[in-house]
Amino acid sequence: MIAETPCLLLDRARLDANCARMREAVARRGVRLRPHVKTAKCVEVADAALGDAPFRGIAVSTLAEARFFAAAGWDDITYAVGVTPQKLPAAKAIEGLSVLTDDVDVAHAIATAELHAWLEVDCGQGRGGRAPDDPALIAAARALGPRLRGVLTHGGQSYGCRSVEAAREVAEVERAAAVEAAERIRAAGVACPEVSVGSTPTALHAASLDGVTEVRAGVYVFFDLFQHAIGSCGRDDLALSVLASVVSRRPDGSVWIDAGTLALSSERSLDAVGGSGFGEVTDLDGRPLGRVVSTNQEHGHVVGEAPLDLAVGAQLRVWPNHACITAAMHDRYHVVEAGRVVAEWPRLPG
């Protein structure tokens, strides 16, 4: 397929189907979609995620991502990681960027810098944000005043779910926390126009999004083995894989490939759901062969259910546990249609 491996393959038909599915799921609930582009870090993938939707907002996780997409023409960008005071001048220089905080002092600094901001609400993950009834949330809202865009939360605990019903329950907790926070801020006399929620599992399975204005999600554009394991997608929805070549055949029937930690990542998220290894391995047509059981920097060890009869130079596909981390190891996507590479799409490194 491609002589120089390892490299990243992106199935265009699956990408488009995944993006359409999320747009339809969100539209059915009457809210807008703000794709989180930290997964793909690619202009063409962001375009596919938005399709022909009139709303063109995105979320990012770094200022580098914000600059990258602003340069490509995006002008409604949410920097969805808590901002620090020293980053405010750089944030100010990016047209259309809104920042995020859960800190009263930082809220004052944001208002002084004349930036717009979201307030982060903790809906149970505990990674950041304030509880909906925390008085500090009201104080931060007052500090921002007209600079407040709204409240934002992320139901990241949905990654611990093992069923659609469990994801639906987390989605309701996520929604209720954000809506309660917005209502408390409004009751305190501060305008809170927007309510932003989202993770891929909750966005797909929420029973209701009453009171919400937008949904953020990211990994759905590609999906991965972990999302498949927790019920977010089918195995045939996975759009991203790493193309690798066999470099050594071992006497026990295993093989080593030229894709190691720097091509696959060291992500073992499947261990949490009863899986193992660093990715599933198939032939070019998707027939299962085995899994990557260990990695070195540039090597991966592939073991099959039966001895693998593969020549040195044979090419395989490794399907990642966590697409966001694996994609971050590469500088471009090789876009595949009907088994042929038809384009190369650059991505922001890291």
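At 34% relative accessibility, R268 counts as partly exposed; buried means under 20% relative accessible area, exposed over 50%, and partly exposed in between (1.4 Å probe, protein chains only). The side chain of R268 meets that of D271 in a salt bridge, at 2.7 Å from N to O; the term stands for a side-chain nitrogen of Lys or Arg within 4 Å of a carboxyl oxygen of Asp or Glu. D271 is partly exposed too, with a relative accessible area of 38%.

A word on the model before we go on. This is a predicted model, in which local features need pLDDT of at least 70 and side-chain atom pairs count only at pLDDT 80 or more, while totals for chains, interfaces and linings use all residues. Residues are numbered from 1 along each chain as its sequence is written, and side-chain values use heavy atoms, with hydrogens and water left out.

**Overall build**

- The protein chain has 11 helices and 17 strands; helices (H or I, at least four residues) and strands (E, at least two) are DSSP runs, numbered from the N terminus.
- The radius of gyration is 21 Å, close to the 20 Å that the globule rule gives for 350 residues, so the chain is as compact as a globular protein of that length. The radius is taken over C-alpha atoms, and the rule is 2.2 Å times the number of residues to the power 0.38.
- Along its principal axes, the C-alpha trace spans about 70 × 40 × 35 Å.
- Of the 350 residues, 53% count as buried.
- Among contacts (heavy atoms within 4.5 Å) between residues at least 6 apart in sequence, 64% join residues at least 24 apart.
- Accessible areas come from the Shrake-Rupley method with a 1.4 Å probe; for residues, only the protein chains shown count as cover.

**Inside the protein**

- The largest nonpolar core has 100 residues, and those with the most contacts inside it are V151, I185, F222 and Y333. Helix α7 (residues 164-187) gives the most to this core, with seven residues.
- A second, separate core of five residues includes I2, C7, L9 and V336. A nonpolar core here is a set of buried Ala, Val, Leu, Ile, Met, Phe, Trp, Tyr and Cys residues joined through side-chain atoms within 4.5 Å.
- Beyond its neighbours within four places in sequence, I185 touches L119, L137, I138, A141, L148, V151, V190 and C192.
- Helix α6 (residues 135-144) is largely enclosed by the rest of the structure, because seven of its 10 residues are buried. Those seven are A136, L137, I138, A140, A141, A143 and L144, and they pack against α5, β6, β7 (148-153) and α7.

**Charged pairs**

- The whole structure holds 20 salt bridges.
- One of them joins R32 to E214, with the closest N and O atoms 2.9 Å apart. R32 lies in strand β2 and E214 in strand β9 (residues 214-217), so the pair ties together parts that are 182 residues apart in sequence.
- R32 is partly exposed, at 25% relative accessible area, whereas E214 is buried, at 0%.
- R287 pairs with D285, their closest N and O atoms being 3.3 Å apart, and both residues are exposed.
- Salt bridges that share partners join R32, R34, D76, R149, E194 and E214 into one network.

- L262, I325 and M329 form a nonpolar patch on the surface, with about 220 Å² of accessible area together. Patches are made of residues with over 30% relative accessible area and no salt bridge; like charges are joined within 9 Å and nonpolar side chains (Val, Leu, Ile, Met, Phe, Trp, Tyr) within 5 Å.
- L262 itself sits in helix α10 (residues 261-264) and is partly exposed, at 41%.
- V247, in strand β10 (residues 240-249), is 66 residues from G313 in sequence, yet their C-alpha atoms are 6.3 Å apart.

**Backbone details to check**

- The peptide bond from T5 to P6 is cis, with omega near 5°, and P6 lies in the segment before β1 (7-11).
- K41 is not a glycine, but its phi is positive, near 50°. This residue lies in the loop between β2 (32-35) and α2 (43-50) and is buried, at 10% relative accessible area.
- E114, also not a glycine, has a positive phi of about 60°. E114 is in the loop between α5 (104-112) and β6 (116-121) and is partly exposed, at 47%.
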